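Opening my notebook on this one. I'll jot things down in the order I looked them up.

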Amino acid sequence: MSGHSKWSTIKHAKGIADAKRGALFTKFIKEISIAAKMGGGDPASNPRLRTAILKAKAASMPKDNIERAIKKGTGELGAANYEELVYEGYAAGGVAVLIEVLTDNKNRAAADVRNIFNKNGGNLGTTGSVSRMFERKGVIEYDAEKVTEDELMEPALDAGAEDINTEDGVVTVTTDPSSFDKVLEALQAKNYESLSASVSMVPMSYTAVDAETAKKVAKLLNKLEENDDVQNVYSTVEYPDGFDPDEA
C-alpha cells in the first residue's frame, strides 16, 4: 500500500518482509471480500473486484487466498461485514494525511485513528480538509534492474498509460483510474513482474520536512499503517535525502 509518498517506491523495491507481506495480504483479502459482497463474485462483471484481484496478483498473492476472499465476500464462507471510512488530518510540519479504512467496527476504528493522531503529534481534520490535495491515479511500480523504462514504454502507452518515469531504481507507470486495469493487464501479459500496483491517492504537491519533523511524521504514518482497520495511508510528505521512515 502507498503510505509514504515518494518513499513508498523505494520501500517496495527493497522487497517486502514476510511479516509485512502477511499484513498486505490481509488488506487485500478485505478489499476483495467487500468488492465481491457489493458487486458479486464474477470479476468480469464487477470492475472493483477485478481491480482488487489484479492488485493482489501484482503482489504475488496466492490464487487460493484470492478465491477464499471472494467466497467470504459472497457469503459462501461466512459473511464479510466491512464498512468503508475515510479520515483526513495533518501530521507534524503541516503534512496532509488521508486514511482509508475497512472495518467491522466503526467505533473502534474511529477511536484508534484519533488516538494515533493525538499520541504522535497530529490532528484529525474534518471531511474534505485535505482530500483536495490529492488526485486518484493508477500507479504500477517495477524494479528498474529487472525491466527498463524503454521496455515498458510502448505496451504501457498503447494500453493508455499517462506517464512513465524512473527514480531511485524504480520505474513508475501512472494511469488514469479508468485505464488502470487495461494497462496492468497489458504489462502482466508481457510477464513483467510488478513491485506494486494500486489505484492510489497521489499528492498534487509535496511538503518537504526537516530531519526532526520527518521522524514525527514517519512515526505517525507507521502507526497508522500497522493498524488492522487501516487499508491505505496517503500523505504529502517529502522526506530529507537519506532518511529511512522505517527506522523512525
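Predicted model: local features only at pLDDT ≥ 70, side-chain atom pairs only at ≥ 80, totals over all residues.

**Entry 1: helix H8**

I started with H8, which has 16 residues and reaches 22 Å from its first C-alpha to its last, close to the 22 Å expected at 1.5 Å a residue. For the expected span I took 1.5 Å times one less than the number of residues in the helix. Helices here are DSSP runs of H or I with at least four residues, strands are runs of E with at least two, and both are numbered from the N terminus.

Residues are numbered from 1 along each chain as its sequence is written, and side-chain values use heavy atoms, with hydrogens and water left out.

Which residues of H8 are buried? I found Thr213, Ala214, Val217, Ala218, Leu220, Leu221, Asn222 and Leu224. Buried means under 20% relative accessible area, exposed means over 50%, and partly exposed is in between, with a 1.4 Å probe and protein chains only. A reminder on spacing: an α-helix has 3.6 residues a turn, so residues three or four places apart point the same way. The buried residues of H8 pack against S2, H5, S9 and strand S10 (237-238), contact being heavy atoms within 4.5 Å.

**Entry 2: the cores**

Next I looked up the nonpolar cores (sets of buried Ala, Val, Leu, Ile, Met, Phe, Trp, Tyr and Cys residues joined through side-chain atoms within 4.5 Å). The largest has 24 residues, and Val97, Ile99, Val101, Val113, Val217, Leu224 and Tyr239 have the most contacts inside it. At least two residues of this core come from each of strand S1 (83-90), strand S2 (96-103), helix H5 (106-119), helix H8 (211-226) and strand S9 (230-235). H8 gives the largest share, 6 residues. Another core of 18 residues lies apart from it, and Ala58, Ala159, Ile164 and Val183 are among its members.

Two strands pair if DSSP finds at least two bridges between them.

S1 and S2 run antiparallel over 8 bridges. Tyr90 stands opposite Asn123 in S3.

**Entry 3: salt bridges**

How many salt bridges does the structure hold? I get 8, counting a side-chain nitrogen of Lys or Arg within 4 Å of a carboxyl oxygen of Asp or Glu.

I looked at Arg50 and Glu185, whose side chains meet at 2.7 Å, N to O. The pair links distant parts of the chain, with Arg50 in helix H3 (residues 47-58) and Glu185 in helix H7 (residues 180-189), 135 residues apart. Arg50 is partly exposed at 30% relative accessible area, and Glu185 is partly exposed at 30% too.

Then Glu100 and Arg136, at 3.2 Å, N to O. Glu100 sits in strand S2 and Arg136 in strand S4 (residues 134-143), 36 residues apart. Glu100 is buried at 15%, whereas Arg136 is partly exposed at 40%.

Asp229 bridges to Arg108, the closest N and O atoms being 2.9 Å apart. Asp229 lies in the loop between H8 and S9 and Arg108 in helix H5, so the pair ties together parts 121 residues apart in sequence. Asp229 is buried at 6%; Arg108 is partly exposed at 35%. I also logged a network: salt bridges that share partners join Arg50, Asp181 and Glu185.

**Entry 4: aromatics**

My search of the whole structure turned up 1 aromatic pair. The rings of Tyr239 and Phe243 have their centres 4.9 Å apart and their planes at 35°, so I filed the pair as tilted. The criteria: rings of Phe, Tyr and Trp (its six-membered ring) pair if their centres lie within 6.5 Å, with planes under 30 degrees apart counted as stacked, over 60 as edge-to-face and the rest as tilted. Tyr239 is buried at 12% relative accessibility, and Phe243 is buried at 15%.
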